[in-house]
Amino acid sequence: MKFAFVHVGLFVSALLASAQAPLSRLERVTMFGAEYVRLDDWARANGGQCKWTIPKREARAVTPAGTLAVEVDARKVTLKGVHVWLSAPVVLRGASAWVATADFASTIHPLLFPTRAGAARPIKTIVLDPGHGGRDPGNKEGKRFEKTYTLQLAKEVRDLLTKAGFKVHLTRSWDTSVELNSRPALARQRGGDLFVSLHFNSADGPGAAAAKGAEVYCVTPANAYSTNDRGERGHRETQPGNRHDSRNVQLAYQIQKALVTRAGCEDRGVKRARFAVLRYAEMPAVLIEAAFMTNLADARKIYDPAQRRVLAQSIADGIAAYKRMVEQ
Ligand SMILES: [Zn+2]
C-alpha cells in the first residue's frame with residue numbers, strides 16, 4: 001500500500017514539475033537547417049509574456065518558471081540570471097525573436113522545468129577528476145602548472161563534500177598520468193553518481209590577460225554544435241554521455257551559478273563540448289574551467305589558498321544544489 005502511494009506521489013510531482021507546454025503545439029519554421037519557434041509563442045504557452053528590451057535586438061521572456069533573456073544572432077542567453085550557451089543562434093524573423101526547438105528541448109526546458117523522474121537513486125558518490133597530471137602538466141604559467149592546482153582544488157572539494165555527507169573518490173591523488181579515457185571508466189568502477197572534472201583556463205594572443213571567469217562544460221547533445229565548434233567532425237552521433245543530457249546541463253548550471261554568485265567569478269556561461277571525459281561518462285558529468293591562470297585577479301583565486309577555498313566551496317555548493325534539485 002505504501003509502495004503504491006509513493007509512486008502516485010512521484011508521478012504527480014513529476015507532472016507538476018514538467019508542466020511546460022509541448023513545443024509541438026507551437027508554429028515551427030525551419031531556418032538554416034534547424035527548426036525554430038517564436039519566443040513570444042513559447043512565453044505565452046508557458047503562462048508568460050515576451051517583450052523587446054532593445055527593439056529587434058534583445059528580448060526578455062518572463063514566465064512563472066523563470067526569465068529567459070536573448071539577443072538576436074547570439075547563442076549566449078541568460079536563464080534565471082546565469083549565462084547559458086545554446087547550440088543555434090537566436091534569429092530575428094518578422095517582428096519576432098525565434099529560438100531553435102532543439103535548444104528548448106536540450107537546454108532551456110531541463111533548466112526551467114526539472115523533473116524528478118529518472119533520478120534512479122540518491123546522489124551519494126561523487127568522483128572528482130583533477131585535470132592533467134604526471135607527464136601532462138596542463139596549462140603552464142611561469143613555474144606554475146595547471147595539474148598542481150587542479151589536484152589541490154580536488155582535495156579541498158573532496159573534504160567539503162565529505163563533510164556534507166557525500167562519498168568522494170578522486171581519479172588521481174598524486175602527480176600521476178591518467179589517460180583521458182580511463183577517467184570516466186574509473187568513475188564507473190568506483191560507483192560514481194556524478195563525475196566532475198576540474199581544470200583551470202588560459203588564454204593567449206592579444207588581450208589574453210583580460211580573459212577571465214568561470215565556465216562549466218557538459219557534453220554536446222547529438223547532432224548539435226559545440227560552443228567552441230571549429231569545424232568539429234565526428235562524434236556527432238549519440239555518445240554514452242548523451243544518456244544523461246538533461247542531468248548534465250542541470251549539474252553544469254548549478255555549479256556555474258554557485259561559482260558566479262558565491263565565488264564572484266565572471267560568468268562565461270554553461271557551455272557544450274565533446275571532451276573525451278564527458279563523451280564517455282556513464283553518469284551525469286561536467287568539466288569545470290574555474291578561472292584563468294593568465295589573468296591577474298583570477299590567478300589569485302587559483303594560487304591563494306583562502307581564495308581557492310571559496311572556489312572549492314562554490315563547487316561543493318553547486319553539487320549539493322543539484323542533489324536537492326533532482327531529489328526533492
Ligand atoms: Zn585543463
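Predicted model: local features only at pLDDT ≥ 70, side-chain atom pairs only at ≥ 80, totals over all residues.
At 11% relative accessibility, His199 counts as buried. His132, with a relative accessibility of 18%, is likewise classed as buried, because the cut-off for that class is under 20%.

His132 is placed in the loop between β10 (125-130) and β11 (140-141), while His199 belongs to strand β14 (residues 194-201), so the two histidines tie together parts that are 67 residues apart in sequence.

## Strand pairing around β2

Strand β2 (residues 34-38) pairs with strand β1 (residues 28-31) in the antiparallel sense, over four bridges. Within this pairing, Arg28 stands opposite Val37 of β2. The hairpin formed by β1 and β2 has two residues between the strands, and Phe32 adopts a positive phi near 50° there.

Strand β2 is also joined to strand β9 (residues 96-100), through three bridges and in an antiparallel arrangement. Here Arg38 has Trp98 in β9 as its bridge partner.

## Model confidence

The protein has a mean pLDDT of 92, and 92% of its residues reach 70 or more. Over residues 1-18, by contrast, pLDDT stays under 50. For that segment the model has eight contacts beyond four places in sequence.

Key
Residues numbered from 1 in each chain as written. Heavy atoms only, no water. pLDDT = per-residue confidence, 0-100. Contact = heavy atoms within 4.5 Å. Buried < 20%, exposed > 50% of the residue type's maximum accessible area, 1.4 Å probe, protein only. Pairing = 2+ DSSP bridges.
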